[in-house]
Amino acid sequence: MVVKSRVLRSATNGELHSSVTPEEKPKRAKVATRGRKNVKAAAVKGDAEEPSPSPLRRTSARIQIKQLAEKELLVRQRVEILDETDSPSKRKKKNGPVRSKRNTKSKDKAVEDKAVAVPVSNDVTKSKDGGASEPMEVCALEKSTTADEGGPANVVEKSDHAKVKETLRLFNKYYLHFVQEEEQRCKKAEVAQKVSKGSKSKKAAPEEDTKSKRKRPDLKAITKMMEANEILNPEKRIGDIPGISIGHRFYSRAEMVAVGFHSHWLNGIDYMGMSYSKMYSNYSFPVAVSIVLSGMYEDDLDNAEDVVYTGQGGQDLTGNKRQIRDQVMERGNLALKNCIEQAVPVRVLRGHESASSYCGKLYTYDGLYKVIQYWAEKGISGFTVFKFRLRRIEGQSLLTTNQVQFVYGRVPKSVSEIRGLVCEDITGSQEDIPIPATNLVDDPPVAPTGFTYCKSIKVGHGVKLPSNANGCDCSGSCISSRTCSCAKLNGLDFPYVHRDGGRLIEAKDVVYECGPNCGCGPGCVNRTSQRGIKYRLEVFRTPKKGWAVRSWDFIPSGAPVCEYTGVLSRTDDLDHVSENNYIFDIDCLQTIRGFGGRMRRSRDASLPANNSVDGIDDQRSESVPEFCVDACSTGNIARFINHSCEPNLFVQCVLSSHHDIKLARVVLFAAENIPPLQELTYDYGYALDSVYGSDGKIKQMPCFCGATECRKRLF
């Protein structure tokens, strides 16, 4: 942490600025959004026309919008009544263009932006200031606006890049659902086997037919997506696939199928058959569109720019890579041959051994190649094989395969290899894994200072935690969701799978974990977020965004990264603190409803009757969240994580020791598969035009996240 007296950490991704006076410090209206990190400052409540009595209080931007929208709705309804009285023809203007509530202060509540679940493959819209979608949720805005402030609302289709990302998140959600199903099947079979062995009866129990149940979870996921018409590009394409650039990493072949990049999870050659002849009348079919180089054939030769690819067929499918019969000029082989004569480019993917992938391989897109030659010869095993020579088309981005694992740099193997090291462990040995800090930006380099590291929440003055909730009666580890009372709170199922040390299947309203009064032990899967940091993290200095965080390890989607810790305080006690940029408001209701109505999560059974969402919302619609986490002087690694309009983390409210959603734990989870050395980010959730200066006028702050879908403004 930088020294407060010298510089201030801006709300814009932690950017460092020279010191400013309190008068120059923008005042921010409280943004109650999924517990996002706030700029703490006295703010104007409500409209500028309705000044609040002194002292000034912060007001949720969501509440401001709601109040203004309600006023505008009343005015608009009166105007519509007058219009209908004066002229029936004016009624047609009811559904005319409206402005996004995030770009203007007066909005029609009846047409406010909201998200609806839609198939990813369909055309959907997205607000440019909306950032990235919630992990493992497929949502689209019913209304969207152009970037022009105050301009009319136009329907803007999501970018191809955003569609690819959402489709892969959807695939991961389905995949983890089926992983859980497989884990339950295996556990059930294990219990049945033990019962069978312990039975005194000599009569063997009939074996259950589990052939269909043993299908791989990733294949079940793509089957589900096909059935629901959720494959992104169901029709095969020649050339590049929109939204997938050279260097893109696939963690399985099933992911390629999900986005329509390579349509079969097993075959190495993907091609268009005769059914495409009407669509492409100028070509002779079949025609190859992509190949996967994964070392499956003993005769493959890969020299990067120049590839000799062994044709399809005749291979021993047991996995020893040997040919057991002659290949035939048909299907994929014929498709590659036709590419030579018709100069059709072919997408090339390379597979590499990788512990990061559940299938043991990582696949990288290396660009378009042209097939320039083919021939038949006797292979190493003595059978006829077809060989195809492919050459990379010039003018494309450089090959990334050699550094596919570490596109952002090389992961150090020891502390001595860390460049720019300014602190070996910012945690002071509190975490099981040390967290170093590096600085290659400042001269001379400085370390983060001005804070005390704490790995758990500290209860502040005037805050009393609720008594521990009743726990489940499970023993050792929670197994059956039918008997575990904690599982019932989560919608009659556990929110996590065991794979990779525990992964959250999908974002939920609230996750109920096992607590101190539960009979299970620390190894229970329903305590996943309580196990502390398990990835090798690093705090590093950036040129524009101040301090940032990245991981040296691959982080799979749904994995918990860290909890946002600090001093648990009452919001009222911090209302007049103007230079604290590390306040994280605990507002589960905003997590449940989604910030600005944009990305609502599916309602589940995680809220019992005494925690009714609607009831709480009615009671507190005119107030700010009661509690927050202050990480200014005391906090953990989470205080250094920056904002992004396309984040790779998401915020999840978790309840474990008690069930009071006003005091939920704030945990950051991986929204997608995160490769090593990619910066970790989450959406701070600022509403545009929610920050005010000392003169009461709206302040604007540019965003430096660098995301493809960056809205260019943080607030």
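The model is predicted: local features require pLDDT of at least 70, side-chain atom pairs count only at pLDDT 80 or more, and totals for chains, interfaces and linings use all residues. Residues are numbered from 1 along each chain as its sequence is written, and side-chain values use heavy atoms, with hydrogens and water left out.

**First stop: His262**

Helices (H or I, at least four residues) and strands (E, at least two) are DSSP runs, numbered from the N terminus. His262 has a relative accessible area of 0% and is therefore buried (under 20%; exposed is over 50%, partly exposed in between; 1.4 Å probe, protein chains only).

Next, display the contacts of His262 (heavy atoms within 4.5 Å). Beyond its neighbours within four places in sequence, they include Met256, Val257, Asn267, Asp270 and Ser290. Val292 is also in contact with His262; the two lie 30 residues apart along the chain, with 8.5 Å between their C-alpha atoms.

**Second stop: strand β30**

Strand β31 (residues 665-670) runs antiparallel to β30 over six bridges, with Leu668 as the bridge partner of Val651. Strand β21 (residues 511-512) pairs with β30 in the parallel sense over two bridges, and Tyr512 stands opposite Leu655.

Key
Pairing = 2+ DSSP bridges.
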